Amino acid sequence: MTVVRLAELLGPPGPSVFLRGVVAGGRYANAYLFLGAPGVGKGTAALAFARALLCETRNGPKVQGGLFDGGAAATPADAPADDACGACSACQKSAQLTHPDLKFLFPVSGEEKELEKNVAETQQALREDSFFVFNYEKAASIRLSLTRELLRELAYRPYEAERRVVVVRDADRMRGDQYSALLKSIEEPGASTVWVLTTARASRLPATIPSRCQRVRFTPLSEPTIQQFLEQRVGSTTPEARLLAALSGGSLARALTLRDRKPLEERNQALRLLEPALQGDPAALWAAVQTLNSYGRAGREVLRRMAEFQQLWLRDLLRARQGAPREDLVNRDREAEIRRQAERTEPVEIRRRLMVLEEMLRAIEGNVTPELAMFSALSRLGGGRPDGDTWPPHATARWDY
Ligand SMILES: [Zn+2]
């Protein structure tokens with residue numbers, strides 16, 4: 001697990017500055033709600049905030065009955081006043097998710113008897129894989145039995161720290177009665193618990209929750225931020241990182257998920273699909289769509305990515321038409337082809353194709369047979385050309401991809 005500190009959060013500095021201010025001031029609200037799109041760093045920030053709060057270098061370890069006489073020896077001289085020190089025993093425990101005053105709830109799916117195992121496995125994966133991405137099934141939820149257990153514990157004082165921190169990831173995946181219990185705890189005066197909730201779907205929370213929380217907003221990450229992260233931290237090549245950043249929509253989690261699927265190969269596959277489409281060869285196109293081997297929900301996702309890769313390519317053609325330099329091209333590893341095709345394709349035609357792909361994306365989402373939706377949309381890519389001199393009249397020369 002990469003232990004990210006508040007000072008190291010990616011993206012615009014707002015949340016990091018705010019949260020460090022809270023830690024430095026030492027005055028905590030009863031509850032915080034981290035809002036923002038999926039994969040922009042809310043969960044990472046929530047755990048970083050929890051670690052900073054629990055760090056002993058500012059608070060000193062809780063002395064009980066004089067049994068312990070301080071932990072000053074473990075305090076590094078340059079410990080920050082507004083962040084976790086990363087060295088004290090509290091920091092070490094919270095980094096391993098074993099601090100008794102750090103409670104971490106997240107959505108889980110599966111049967112109740114498997115619950116403990118599933119939770120332990122996810123925590124282990126989180127410790128072992130620095131770039132672990134939470135991926136839920138549709139039915140995954142913050143489990144009732146776990147919140148019940150937690151609420152029982154909240155009746156007691158924290159074990160080691162002044163305060164206990166409860167991080168609830170994707171807090172929108174709870175049920176009505178869980179929210180009432182949560183509210184009751186949040187509203188308790190003088191509570192020794194700090195709640196940190198995250199959500200990408202605030203509209204699913206009962207309105208009473210956001211209104212009782214101090215809200216912290218997280219915005220999508222910029223493409224250069226994601227590209228740089230992938231190159232420096234994950235070891236992606238520049239072409240791959242550029243492509244993933246462009247496809248990520250500002251979500252690092254999405255970029256990391258796509259990275260596991262060999263994006264350059266997938267991109268090339270997507271571009272190969274364009275060939276029979278633009279040649280107007282329906283038999284070859286149908287065969288090519290079939291090779292995507294798509295089925296079920298996962299298949300729909302593959303088709304969607306194919307369409308997105310194709311869009312990125314066409315946008316590169318437009319950029320090239322406008323004389324964009326190499327570094328502005330997403331697919332710059334294939335710059336020569338982009339320049340060649342751009343020269344041969346009018347912007348109005350590129351825009352028409354982009355619109356077809358846009359319709360295709362919608363059709364893939366809504367259609368029971370996404371392959372058919374893709375096939376029928378791609379079939380229209382090659383057609384619709386203006387008559388006259390713009391395009392060579394004979395079929396083979398229409399090949400301009
Ligand atoms: Zn510490």
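# Reading the strands, helices and cores

Biologist: Which residue is the bridge partner of V168 in β4?
Modeller: V168 has L197 as its bridge partner in β4. This is a predicted model.

Biologist: How do you know how β3 and β4 run, and how many bridges join them?
Modeller: Five bridges link strand β3, residues 164-168, to β4, and the two run parallel. Pairing needs at least two bridges, so β3 and β4 count as paired. V167 stands opposite V196 in β4.

Biologist: What makes β4 enclosed or open?
Modeller: Strand β4 covers residues 193-199, and seven of the seven are buried, so the rest of the structure largely encloses it.

Biologist: Which residues of β4 point one way, and which the other?
Modeller: T193, W195, L197 and T199 go one way. V194, V196 and T198 go the other, and all are buried. In a regular strand, side chains alternate between the two faces of the sheet.

Biologist: What is the strand order in the open sheet?
Modeller: The order is β2-β3-β4-β1-β5, five strands with parallel pairing. The twist averages 15° from one strand to the next.

Biologist: Why are β2 and β5 said to stand at the edges?
Modeller: β2 (102-105) and β5 (214-217) each have a single partner strand, so one side of each lacks a neighbour in the sheet.

Biologist: Which strands does helix α1 touch?
Modeller: Helix α1, residues 14-25, packs on the sheet and touches β1 and β5. Its direction makes about 145° with that of β5.

Biologist: Why is L35 called buried?
Modeller: The relative accessible area of L35 is 7%. The cut-off is under 20%, so L35 counts as buried.

Biologist: What does L35 touch?
Modeller: Leaving out residues up to four places away in sequence, its contacts include K42, T199, A202 and R215. L35 and R215 are 180 residues apart in sequence, yet 7.1 Å apart in space, C-alpha to C-alpha.

Biologist: How do you know that the span of helix α12 is close to what is expected?
Modeller: α12, residues 263-279, has 17 residues. From first C-alpha to last it reaches 25 Å, close to the 24 Å expected at 1.5 Å a residue. Its buried residues include A270, L271, L273 and L274. Just after α12, G280 takes a positive phi of about 70°.

Biologist: Which members of the largest nonpolar core touch the most other members?
Modeller: They are L230, L273, M360, M374 and L378, in a core of 53 residues. Helix α14 (residues 296-321) gives the most to this core, with eleven residues. Beyond four places in sequence, the contacts of M374 include L273, L303 and M360. A second, separate core of 41 residues includes L9, Y28, V108 and V167. In soluble globular proteins, nonpolar side chains tend to be buried together.

Biologist: How many helices and strands does the chain have?
Modeller: There are 17 helices and five strands. Of the 401 residues in the chain, 47% are buried.

Methods. Residues are numbered from 1 along each chain as its sequence is written. This is a predicted model: local features need pLDDT of at least 70, side-chain atom pairs count only at pLDDT 80 or more; totals for chains, interfaces and linings use all residues. Side-chain values use heavy atoms; hydrogens and water are left out. Buried means under 20% relative accessible area, exposed over 50%, partly exposed in between (1.4 Å probe, protein chains only). Helices (H or I, at least four residues) and strands (E, at least two) are DSSP runs, numbered from the N terminus. The expected span of a helix is 1.5 Å times one less than its number of residues. A nonpolar core is a set of buried Ala, Val, Leu, Ile, Met, Phe, Trp, Tyr and Cys residues joined through side-chain atoms within 4.5 Å. Contact means heavy atoms within 4.5 Å. Axes are lines fitted to C-alpha atoms, for helices over the stretch in contact, and angles run from 0 to 180 degrees between N-to-C directions.
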